[in-house]
Amino acid sequence: MRFHRLDLNLLIVLDTLLTELSVSQTATRLHLGQPAISAALARLREHFEDELLIPVGRRMVPTALAQNLAEPVKDILQRTHSVVNTRPQFNPAEAQRRFSISVSDYVAIILFPAVNRALAEQAPGIQISLRQTPIPQARVTHPVTEALDRRNNDFAIIPEEYHSESHSREPIMEDTYSCIAWNENKFIEDTLSLENYQKLNHAITEFDDGRIHARESLAIEHLGYKRSIGTITESFSQLPDLIVGTQMIATVQTRLAKLYSKRLPLKILKSPVEIPNVVEIIQWHKFRDYDQAMIWFRALLQNVAEKL
């Protein structure tokens, strides 16, 4: 379809090009050949009378016009997607749909087993795709923007302090923090002193090769406490296994501690350091505020989280 002499299909190519900044990656993402993407870019340049993307070394850099086009083009496509998927009513028992959700492994393991059980009972045709919380390629990009805009997820679940003002949001669940230790840790009895907390080795979570610290680590550092670090992982759910059979301890979300204490020889201890509760929120595109399927799914998540 053409509008003012522009093939509207080219907007999909333009949006992907401005996201990937690469002809080859755009071709891969759109399942097209590189010659087809190069031809589409040539037509876009002709229409807008601008180079749009300029090769700089091995990268492509958007022109000023391209940068101005990026947000409105994405908005047009997202609103079109919303209109195309609008239905007069939503019947979960008969619906066939997939929701992609960006989550941490903590949220995935705590919340989504119960979500799967609820879906099996109420909406067997609904699929969910759990995707790891993304680390933005460009460090200036917000992780929620990366998840919803660049990676086209339907939802992102993330701690409240990392929310994006550009997207709709609501709280999902709240948790405290506890310490865990192997049952036979010879340095710990029924309580954990601040002295031992600072002296013992810790297993901790970090991301992006250590450049991004977990929120509990940031809170501990902010309070001025120093910890001895023994093991670092990029997974919250690996921490309990990593300390079994060692004298290490870990500071984890309390629900995670309780879950793994049923499976592993662990003791749960009150943290001697007061760490603010974590509030996990769900975010989605504002233009999908009235998508009946998404409203239903958010309500399902809320109902499941309340029963945890």
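A: Glu160 counts as partly exposed because its relative accessibility is 38%; the terms rest on relative accessible area, with buried meaning under 20%, exposed over 50% and partly exposed in between, for a 1.4 Å probe and protein chains only. The model is predicted, so local features need pLDDT of at least 70 and side-chain atom pairs count only at pLDDT 80 or more, while totals for chains, interfaces and linings use all residues. Residues are numbered from 1 along each chain as its sequence is written, and side-chain values use heavy atoms, with hydrogens and water left out.

Glu160 sits in the loop that joins strand S7 (155-159) to strand S8 (168-175). Helices (H or I, at least four residues) and strands (E, at least two) are DSSP runs, numbered from the N terminus. When neighbours within four places in sequence are set aside, Glu160 is in contact with Val279 and Ile281, where contact means heavy atoms within 4.5 Å. Leu264 lies 104 residues from Glu160 in sequence, and the two are 30 Å apart in space, C-alpha to C-alpha.

Glu49, in the loop between helix H3 (34-48) and strand S3 (53-56), counts as exposed because its relative accessibility is 72%. Its phi is positive, near 55°, although Glu49 is not a glycine. Asp209 belongs to the loop between strand S10 (201-207) and strand S11 (212-213), and a relative accessible area of 65% is why Asp209 is exposed. Phi of Asp209 is likewise positive, near 55°, in a residue other than glycine.

Helix H6 (residues 143-150) is mostly covered, with six of its eight residues buried. Val144, Glu146, Ala147, Leu148, Asp149 and Arg150 are the buried ones. After H6 comes Asn152, whose phi is positive, near 60°.

The buried interior can be described through its cores. A nonpolar core is a set of buried Ala, Val, Leu, Ile, Met, Phe, Trp, Tyr and Cys residues joined through side-chain atoms within 4.5 Å. The largest such core has 44 residues, and Leu111, Phe112 and Phe297 have the most contacts inside it. Helix H5 (residues 105-122) gives the most to this core, namely nine residues. Phe297, with its neighbours within four places in sequence set aside, is in contact with Phe99, Ile101, Leu119, Ile128 and Phe155. Another core lies apart from the largest one; it has 19 residues, including Ala27, Leu44, Met60 and Leu69. In soluble globular proteins, nonpolar side chains tend to be buried together.

The whole chain gives the setting for these parts. It contains eleven helices and 15 strands, and 47% of its 308 residues count as buried. Its C-alpha atoms fill a box of roughly 75 × 50 × 30 Å, taken along the principal axes. Among contacts in the chain with a separation of 6 or more, 73% are between residues 24 or more positions apart.
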